[in-house]
Amino acid sequence: MTLSEAVSIRIDELMKERKITQYRLSILSGVSQSTIGDIRWQRNKSVNLRIIYEIAQGLKMDLIQFFNSPVFEGENITD
């Protein structure tokens with residue numbers, strides 16, 4: 001999978017884990033709903049690390065926790 005696919009999957013996992021909507025994540029992180037949607041639906045193939053940081057902060061986690069998922073393991077990423 002591509003890195004943008006992995007980020008999309010991870011955001012979906014975290015939203016499901018915390019039982020929050022895209023709208024709620026937007027409120028918590030300060031990232032617009034449309035930007036989160038673009039990431040989730042992979043309309044934007046390159047995701048700014050600052051946006052990921054803001055999403056992680058909104059979820060009360062740091063980047064290490066955000067990227068601590070099997071989806072980011074080397075053999076899973078093709079790009």
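Predicted model: local features only at pLDDT ≥ 70, side-chain atom pairs only at ≥ 80, totals over all residues.

Me: How many salt bridges does the structure hold?
Reply: There are 5. The term means a side-chain nitrogen of Lys or Arg within 4 Å of a carboxyl oxygen of Asp or Glu.

Me: Which residue does Asp-12 pair with?
Reply: Asp-12 forms a salt bridge with Arg-40, at 2.5 Å from N to O. The two sit in distant parts of the chain, 28 residues apart. Asp-12 belongs to helix α1 (residues 3–18) and Arg-40 to helix α3 (residues 33–40). Helices here are DSSP runs of H or I, at least four residues, numbered from the N terminus.

Me: Is Arg-40 buried or exposed?
Reply: Arg-40 is buried, at 16% relative accessible area. Asp-12 is partly exposed, at 27%. Buried means under 20%, exposed over 50%, and partly exposed in between (1.4 Å probe, protein chains only).

Me: And what does Asp-38 bridge to?
Reply: Arg-43, with the closest N and O atoms 2.9 Å apart. Arg-43 is exposed, with 56% relative accessibility. Asp-38 is partly exposed, with 28%.

Me: Where do Arg-50 and Glu-54 sit?
Reply: Both are in helix α4 (residues 49–58). They are 4 residues apart, so about one helical turn separates them. Glu-54 is partly exposed, at 24% relative accessible area.

Me: New topic. How many aromatic pairs does a search of the whole structure find?
Reply: The search finds 3. Among them is Phe-66 with Phe-67, with ring centres 5.2 Å apart and planes at 85°, so that pair is edge-to-face. Rings of Phe, Tyr and Trp (its six-membered ring) pair if their centres lie within 6.5 Å; planes under 30 degrees apart count as stacked, over 60 as edge-to-face and the rest as tilted.

Me: What about Phe-67 and Phe-72?
Reply: They also form an edge-to-face pair, 4.8 Å centre to centre with 70° between the planes. Ring pairs link Phe-66, Phe-67 and Phe-72 into a cluster.

Me: Which of those are buried, and which partly exposed?
Reply: Phe-66 is buried, at 0% relative accessible area. Phe-72 is buried too, at 16%. Phe-67 is partly exposed, at 30%.

Me: Now α2. Which residues are buried there?
Reply: Gln-22, Leu-25, Ser-26 and Ser-29 are buried in α2 (residues 22–29). Down the helix axis, the buried residues of α2 fall within an arc of 105°, so they line one face. That arc is taken from the directions from the helix axis to the C-beta atoms.

Me: What do they pack against?
Reply: Against α1, α3 and α4. After α2 comes Gly-30, with a positive phi near 80°.

Me: Last one. What does Ser-4 touch?
Reply: Ser-4 touches Gln-42, Asn-44 and Lys-45, leaving out residues up to four places away in sequence. Contact means heavy atoms within 4.5 Å. Ser-4 lies in helix α1. Ser-4 is buried, at 7% relative accessible area.

How values were computed: Residues numbered from 1 in each chain as written. Heavy atoms only, no water.
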